[in-house]
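Here's a friendly walk through one structure, with a few charged pairs, surface patches and database notes to look out for. Keep the view open beside you as you read.

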Amino acid sequence: MNLLASIRVALTALRINALRSSLAMLGVIIGVASVIVLVSISEGTKQAVEAQIASFGANLLIVRPGASIFGGRRGAGGTGTPVTDADAEAIRDQVSGIDGVSGEVNAMGLSVVFGGVNWSTRITGVNPSFFGIRDWTIEEGRAFSVEEEQSARRLAVVGQTIIDEVFDGASPVGQSLRIGGQQFEVIGTVAAKGETSFGSDQDDIVFAPLSTVRQRFGASETPTVRDPVQTIYVAVGDGENTDRIIADIQDLLRIRRDIQPGADDDFSVASLAEFIRARNETESQLGLLLAVGAGIVLLVGGIGIMNIMLVSVTERTREIGLRLAVGARASDIRNQFLIESIVLCVTGGLVGLVVGVGGTIAYANVGELEISVNPGIVAVAIGASAFVGVFFGLYPAHRAARLNPIEALRFE
Amino acid sequence: MTALIECRNLVKTYSMGDMTIRALDGVSLAIEAGEYVAIMGSSGSGKSTLMNLLGALDRPTSGLLRVAGEDLGTLGPEAVARFRNRTIGFVFQQFNLLPRTSAAENVALPLVYGGVAHAERRERALARLEQLGLGERTDHHPSQLSGGQQQRVAIARALVNDPQILLADEPTGALDSKTSEDIMAIFDQLNREGITIILVTHEQEVADHARRQIVFRDGRVLEDRT
């Protein structure tokens, strides 16, 4: 008997017991649907994390004075003797395998004024290489040059929120902007980045040359240290060993900051990507746990299938006897029930697929998340349900195939 | 020329717990092609056991059983299935039609296992139903047919693969006497057309249709009359 005929026989048998078939399928439907929803959400979260890492600048190291700013071991991040321009230059010149170094100073709570609009924002002083390191794209105009930075020119590159709120959406390039009471020329804009996962608006920002911000607004100035910065950003080159570079920077700064052997660092060098990944590890483990739970549901569904198949074999004992009497081989009988079980499971799997994809889309809409259903999940859903069909159908099918035709024909 | 069916010292034993039951206790007989045989006897006489052996539904314990050139004692499982499919047509007391399945599909069932293509299956099934006077009822389900009609569908199914031997086990046992006569007339006609018919029955009126009657008792042939 060929496969197509077997499938037709199986479909007929399932249609005859439509209600029972659908109830038996329910476990598989719920199992497949929940696997799809959970895998999709977990994948979506992972993608969001990677997107977030990319928006901060992939392969980014953050050098700060004081104890580690990440990991919560000490709360004193950013305090203590500042790092300096000279530290940044030393890292750039002496550590190999890095793409760029930039210091950063921030002046908070300054007003920017244009026309009649007065807006309080963050003024961030940076080196020109900062834009590349932190993955800020110049959208219009240009960034300032190294010379302009060193000569402390009053130039500004503004974020999307500033364009919207202060310039009312019009192009600000070439306009004169008052920042903290001083005239700056806007020479460029940066492309929008949106909110961080912490909920702060990354685009509400004005960039200016680092020395300008330090001199004009006294940001990070201390009487004891020359040219301090709050943070040094280091971009690790593609394919370079991040751990080695962190170690090199630590060695260099320990010498420059005259830390005795055995004493703790009074600064930290951290990889932002690793921090974010670590923070999300808990979430992905939870996702894994839920996926395991969904797998168990599928398993229980499979047991339901086995149960219904055993009932079906018993009910149709005479039919099996007759089929054997008219020339069916044991393998024909086994295949018939196996195919019935697979058809039952795959039908359940397809319904589960529709429910799961629908559930994922609904979840994405409610949660305003960007979740796409991976096309591979279709194959996984059908594959998994077919596997359940074979695995749990094998025993009932084997029992059917082993029946003695005489006893089967006599069965009441 | 060898007989179509040849049994020599045929023994079939069943073990029931500690007891061994000799259902067939050294049966020797020969049936030629084209014969019309009734096998009779009380229940437990061994007539059903012989029927099961002839149809290759069961295997002899010892002795020789040769049907249509096949030694049924040594046939492998594939060959057994082929034998049941091609050589034998079964008719049962309880019809054994598949429920919720049309008459035509019931009749075509042996052809499914014989590897016949779908279109040809239907054609041959319809021809057999027509032959048995059920040309108007091909798409009816068994539940929509009378007992006599159901047994005619079952006979059509037994004939669809052109078997050499028709084995009928109490074919009228579930039918009233009028309908029984109709069914027996069909067997008579089929035998006239050349098919070998062996029917198991305990009713003398049914057995009288056959030209040879073999009576069993306690697993042995008691009487073999023509």
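Predicted model: local features only at pLDDT ≥ 70, side-chain atom pairs only at ≥ 80, totals over all residues.

Across all chains, a search of the whole structure turns up 28 salt bridges. As a bit of background, side chains of opposite charge can pair when their charged atoms come close.

Another one to find is the salt bridge between Asp265(A) and Arg254(A), where the closest N and O atoms are 2.4 Å apart. This pair links distant parts of the chain, eleven residues apart: Arg254(A) is in helix 8 (242-256) of chain A, while Asp265(A) sits in the loop between helix 8 and strand 12 (267-271). Are the two partners buried or exposed? Arg254(A) counts as buried because its relative accessibility is 19%, and under 20% is what buried means here. Asp265(A), with a relative accessible area of 23%, is partly exposed.

Then there's Arg329(A), which forms a salt bridge with Asp332(A); here the closest N and O atoms are 3.3 Å apart. Asp332(A) is buried, at 5% relative accessibility, whereas Arg329(A) is partly exposed, at 30%.

## Chain B: a domain and a pair

Over in chain B, the UniProt record (an unreviewed entry) lists "domain: ABC transporter" for residues 5-226.

Arg124(B) is in helix 4 (residues 118-131) of chain B and Asp162(B) is in the loop between helix 5 (147-159) and strand 7 (165-169), so the pair ties together parts that are 38 residues apart in sequence. Arg124(B) is partly exposed, with a relative accessible area of 22%. Asp162(B) is also partly exposed, with a value of 49%.

## Transmembrane regions of chain A

Where does UniProt place the feature "transmembrane region"? The unreviewed entry puts it at residues 21-41, 286-313, 337-364 and 376-395 of chain A.

Have a look at two of these spans in the model. Residues 286-313 of chain A are 100% helix and 0% strand, with the end C-alpha atoms 41 Å apart. Residues 337-364 of chain A are also 100% helix and 0% strand, and there the end C-alpha atoms are 40 Å apart.

Which residues make the nonpolar surface patch of about 470 Å²? They are Leu19(A), Leu23(A), Leu26(A), Ile30(A) and Val297(A). Helix 2 (residues 18-56) of chain A gives the most to this patch, with four residues. Leu23(A) lies in helix 2, and it counts as exposed because its relative accessibility is 56%, where exposed means over 50%.

There's a charged patch to spot as well. Asp164(A), Glu165(A), Asp168(A), Glu195(A) and Asp201(A) gather on the surface as a patch of negative charge. For one of these, Glu195(A), the place is the loop between strand 8 (182-190) and strand 9 (205-209) of chain A. Glu195(A) is exposed, with a relative accessible area of 58%.

Notes. Residues numbered from 1 in each chain as written. Chains lettered and ligands numbered in written order. Heavy atoms only, no water. UniProt positions renumbered as here; feature names shortened; annotations may be inferred. Patch = residues over 30% accessible without salt bridge, like charges linked within 9 Å, V, L, I, M, F, W, Y side chains within 5 Å. Areas by Shrake-Rupley, 256 points an atom, 1.4 Å probe, with all protein chains shown as cover. Salt bridge = Lys/Arg side-chain N within 4 Å of Asp/Glu carboxyl O. Lys, Arg positive; Asp, Glu negative; His and termini not counted. Charge placed at Lys NZ, Arg CZ, Asp CG, Glu CD. Helix = DSSP H or I, 4+ residues; strand = E, 2+ residues; numbered from the N terminus. Buried < 20%, exposed > 50% of the residue type's maximum accessible area, 1.4 Å probe, protein only.
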